[in-house]
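Open the model in your viewer and keep the selection panel at hand. The tour goes from a pocket to the helices around it, and then to one more helix.

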Amino acid sequence: MLRKRFTMKSERKGKTLGTLGTILGLIVFGVGLFHFTFGPIEEPKPVESFVADTTVKIKDAISAKLKGEEYKPPTVEKSLDIDEILYKGVMLGGFIALALGALGFSQNEEWRPSGVAFVLGGAAITLQLSIAFVGALIIFLIIAAIISSLGLDISV
């Protein structure tokens, strides 16, 4: 008189989407970990150079405004930055792995490959977002340290 736990068996179609998502998720998560551990690959632009370029642009804009002319900033060709390509590639690959996992679930495929694809895609995205969050936190702490060293009180 024992009843089976599931009275209706649904037929499983396979595990193609889940497997593809798992493979893609594993690749992008590995690339994200590699970039986090050994990156950045390209040497970042020195802060002094950035500040000097920005100061020159501000000076040119002010002098053009004082002369009554319209300021046109110089066009700078943006080169390919391998770090930015890796960052965006991991985010896109993680989203595709998430989507493949969700599609695998919705197509009634085996749940394990689809679940693993979903978890790996989400982990790759979370890794990249946590890197951005830590960077923003470090910038905030540097700004706070500079303000406190100048003796400014910015209490609200």
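Begin with the largest pocket, which holds about 770 Å³ of space. A pocket here is an open set of points on a 1 Å grid over the protein atoms alone, where a 1.4 Å probe fits and protein lies on both sides within 12 Å along at least five of seven lines; its lining residues have an atom within 4 Å of a point. The volume is the space filled by probe spheres set on the points, with points joined across faces, edges and corners. This is a predicted model: local features need pLDDT of at least 70 and side-chain atom pairs pLDDT 80 or more, while totals for chains, interfaces and linings use all residues. Residues are numbered from 1 along each chain as its sequence is written, and side-chain values use heavy atoms, without hydrogens and water.

Select P40, P44, D81, D83 and I131: of the 24 lining residues, these lie nearest the centre of the pocket. By class, the lining has 11 nonpolar residues (Ala, Val, Leu, Ile, Met, Phe, Trp, Tyr, Cys, Pro), 7 charged (Asp, Glu, Lys, Arg) and 6 polar (the others, Gly among them).

Next, colour α1 (16–38), α3 (82–106) and α4 (111–149), each of which supplies at least two lining residues. Helices are DSSP runs of H or I, at least four residues long, numbered from the N terminus. Which helix gives the largest share of the lining? It is α4, with 9 residues.

Now look at how these helices pack. Axes are lines fitted to C-alpha atoms over the stretch in contact, and angles run from 0 to 180 degrees between N-to-C directions. The axes of α1 and α3 come within 8 Å and cross at roughly 155 degrees, so the two are roughly antiparallel (over 145 degrees). For α3 and α4 the angle is about 155 degrees, with the axes 7 Å apart; this pair is therefore roughly antiparallel too. α1 and α4 come within 7 Å and cross at roughly 25 degrees, which means they are roughly parallel (under 35 degrees).

Finally, select α2 (residues 47–67), whose 21 residues reach 30 Å from first C-alpha to last. G68 follows α2 and has a positive phi, near 85 degrees.

Notes:
The expected span of a helix is 1.5 Å times one less than its number of residues. Angles under 35 degrees count as roughly parallel, over 145 as roughly antiparallel, 65 to 115 as roughly perpendicular and the rest as oblique.
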